[in-house]
Amino acid sequence: MKIVVTVKQVPDPNLNLTLEADNSISREKEVVLDPGDECGVEEALQLKEAHGGEVVLVSMGPERSKDAIRKGLSMGADRGVLISDPQLAGADALLTARVLAAAIKAEEPDLVICSTESYDGSTGMVPPMLAELLGLPQLTFAKKVEVNGSSVKVNRQTSDGYQVVEASTPALITVTAGIAEPRYASLKGIMAARSKEIKQIGLGDLGVDKGQAAETIEGVVDAEARKAGAVIEDDGTAVDRIVQVLAEAKVL
Amino acid sequence: MANVWVYAELSQGQLTSTSLELMTKARELGDVAAIALGSGAKNAAATLGKHGAKVVHVNEDAAFDEYIAEPATDALMSLHEKEKPDLILFSFTPDSREVAGRLAARLGAGLISNASDVVAQGGGFVAKVPYFGGSKLASMKANNKPAIVLVRPKSFEASESGGTAEVKQLDVSVADQSKRARITERVAEASEKVKLEEAKVVISGGRGLGGPQNFPMLEDLANALGGAVGASRAVVDAGWVPYSMQVGQTGKSVRPGVYIAVGISGAMQHTVGMKASKIIIAINKDAEAPIMKMADLGVVGDAMKIVPALTAAVKAKKKG
Ligand SMILES: Cc1cc2nc3c(=O)[nH]c(=O)nc-3n(C[C@H](O)[C@H](O)[C@H](O)COP(=O)(O)OP(=O)(O)OC[C@H]3O[C@@H](n4cnc5c(N)ncnc54)[C@H](O)[C@@H]3O)c2cc1C
Ligand SMILES: Nc1ncnc2c1ncn2[C@@H]1O[C@H](COP(=O)(O)O)[C@@H](O)[C@H]1O
């Protein structure tokens, strides 16, 4: 079974995000493999361990995204593909999906695994667009994946429980953070990753033209922030204060 | 008048509340046609009419209930060929967003995701999109026709405007090749008495509760107030409570009259899902926790002591 996992490099979620002068999210700080995609890599590795095959990581981003791919390779993935091109700076979801689709098509995978949404973009739009462009069914919000021959089955998280969703491969899956605890890369894994292949390609190699962006950013303002109210120590009267607020809000 | 579509999401035959929220905005922006697919579509059409839809395109083929995204995408595509809408509004919910993504890719059009508002401007549409944890608001002008915008739940209030929609049968036969990702079973894990999204009071617990054994304490308070219990992602990921209770960026958005955050620090990804609440009360050991800076009332203290005392006081007040 051949599995492609899409992986994105994002600002480290453990550090606070900062903004550039033009209000875009700064990418100059520490960057890491998206924690959601790390779960995707882990799930792919578990499927490979159970069924055999190959795990290929595909990313679009600046050249240093190689570090994110390398992280996945040190966990145990087999090789990587990075699409890097100055023209792709600021690419929107559709352009990202078109670029990833072109690169993934060449791999002819049985499964494509994405995360439900990225840490920084959070549009959740790349996976469904990718599924459409690749002509694949989509099994989304998976908290469990089972492969049986050429059929795949996921438990799809919903607002009140889950659905069991089934399809034949090839198919695209998105995984939630709860699916699998990502493994730590072992020293041996880190050493081995150094010699694994990361193929770097540009837009021209894929025959994708940039097209028009879906939107133009006209301006950015500070959102209305809530003001802090009273902060009180619990000196025995706190419960009365809360009851008073509940009564004023007419919920009591 | 602009020709505005609302993708009315049905969940097991029921119109979702977010679909009606979209109607409030849509009827302000133009003539509204809603599209309702799957079992319950005809029933939904009457409700959509009352909320301002002039036309509702319906099709009750079971394929729309059974298969993820693709049949609905086919239906919208075929209607799009005839009607050429100016704007299509979707809810930013799991089921709708997959249809929106596939449709935008098929149209080669792109879209604007995660918006909190849409306004008409210069013959086109501008969406307001919160980002950077909701502390910034970007104005994004849609460059395509149709403009496709996904709107976060709870961005608008649903309200009836009176009226009756013309119901039109949407003529589409779902191709076999679109019947692929099939829902074979539905399992409900949550059996809340009061729905989290609709509750007038929400009491959410976080890691500060110490463990799942302390969640019943919040249930007691919720029962006393007629509210619902929510949670932070930290405790959902830890397996203390099911995902259906998660509030925040990757969980539910709520805007109750009162939100009580118990042992929750107030990370941006949590507050983006609750900061539209009318009144916020925080109970936290740490006076410096970020939640204290946005709460109307912040109580610095131990939740284990305050919550039971509060529940008792609420019960006493109700009796007296
Ligand atoms: C992509 C992404 C998406 C995310 N989506 C969400 C989301 O949808 N929803 C969400 O909630 N989070 C989300 N998060 C996680 C978020 O960043 C925080 O990690 C999480 O909200 C923290 O949960 P918490 O407040 O329960 O835990 P903590 O941050 O650990 O806070 C616990 C609090 O409890 C207090 N406390 C401890 N003991 C007591 C006591 N006895 N009495 C009173 N107070 C006490 C502490 O002072 C502390 O403030 C997301 C993160 C990422 C990266
Ligand atoms: N530039 C990218 N390179 C590789 N994968 C991506 C990229 N952008 C998005 N993805 C994938 O799509 C998922 C959802 O991203 P998004 O649509 O931005 O929320 C991510 O978690 C990745 O798996």
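**Figure 1. Secondary structure and overall dimensions of chain B.** In this predicted model, chain B contains nine helices and 18 strands. The C-alpha trace of chain B extends over about 65 × 45 × 40 Å along its principal axes. The radius of gyration of chain B is 21 Å, which agrees with a compact globule, because a globule of 320 residues would have a value near 20 Å.

**Figure 2. The contact between chain A and chain B.** Chain A contributes 71 residues to the contact, and chain B contributes 84 residues. About 6600 Å² of area is buried between the two chains, and carbon and sulfur atoms give 58% of this area. On the side of chain A, the residues that lose the most area to chain B are A:Glu132, A:Arg226 and A:Ile242; together they account for 11% of what that side buries.

**Figure 3. Salt bridges and polar contacts across the interface.** Seven salt bridges are found across the interface of chain A and chain B. In one salt bridge, the side chain of A:Glu132 meets that of B:Arg106, with a distance of 2.6 Å from N to O. The interface of chain A and chain B also holds 40 residue pairs in polar contact. Among the elements that give two or more residues to the side of chain A that touches chain B are helix 4 (126-134), strand 9 (161-168) and helix 7 (238-248) of chain A. By class, this side of chain A comprises 39 nonpolar, 18 polar and 14 charged residues.

**Figure 4. Strand pairing between the two chains.** Strand 9 of chain A pairs with strand 13 (residues 182-188) of chain B. The pairing is antiparallel and runs over six bridges. Within this view, A:Gln163 has B:Arg186, in strand 13 of chain B, as its bridge partner.

**Figure 5. A cis peptide bond in chain A.** The peptide bond from A:Thr169 to A:Pro170 is cis, and its omega is near 0°. A:Pro170 is located in the loop between strand 9 and strand 10 (171-175) of chain A.

**Figure 6. A cis peptide bond in chain B.** B:Lys145 and B:Pro146 are joined by a cis peptide bond with an omega of about 0°. The loop that holds B:Pro146 lies between strand 10 (136-142) and strand 11 (147-151) of chain B.

**Figure 7. The backbone at A:Glu108.** A:Glu108 is not a glycine, yet its phi is positive, at about 45°. This residue, A:Glu108, is placed in the loop between helix 3 (93-105) and strand 6 (111-115) of chain A.

Technical notes. Residues numbered from 1 in each chain as written. Chains lettered and ligands numbered in written order. Predicted model: local features only at pLDDT ≥ 70, side-chain atom pairs only at ≥ 80, totals over all residues. Heavy atoms only, no water. Contact = heavy atoms within 4.5 Å. Buried area = accessible area lost by both parts, 1.4 Å probe. Salt bridge = Lys/Arg side-chain N within 4 Å of Asp/Glu carboxyl O. Polar contact = N/O pair within 3.5 Å; in protein donor to acceptor, adjacent residues only side chain to side chain. Helix = DSSP H or I, 4+ residues; strand = E, 2+ residues; numbered from the N terminus. Nonpolar A, V, L, I, M, F, W, Y, C, P; charged D, E, K, R; others polar. Pairing = 2+ DSSP bridges. Rg over C-alpha atoms; globule rule 2.2 N^0.38 Å.
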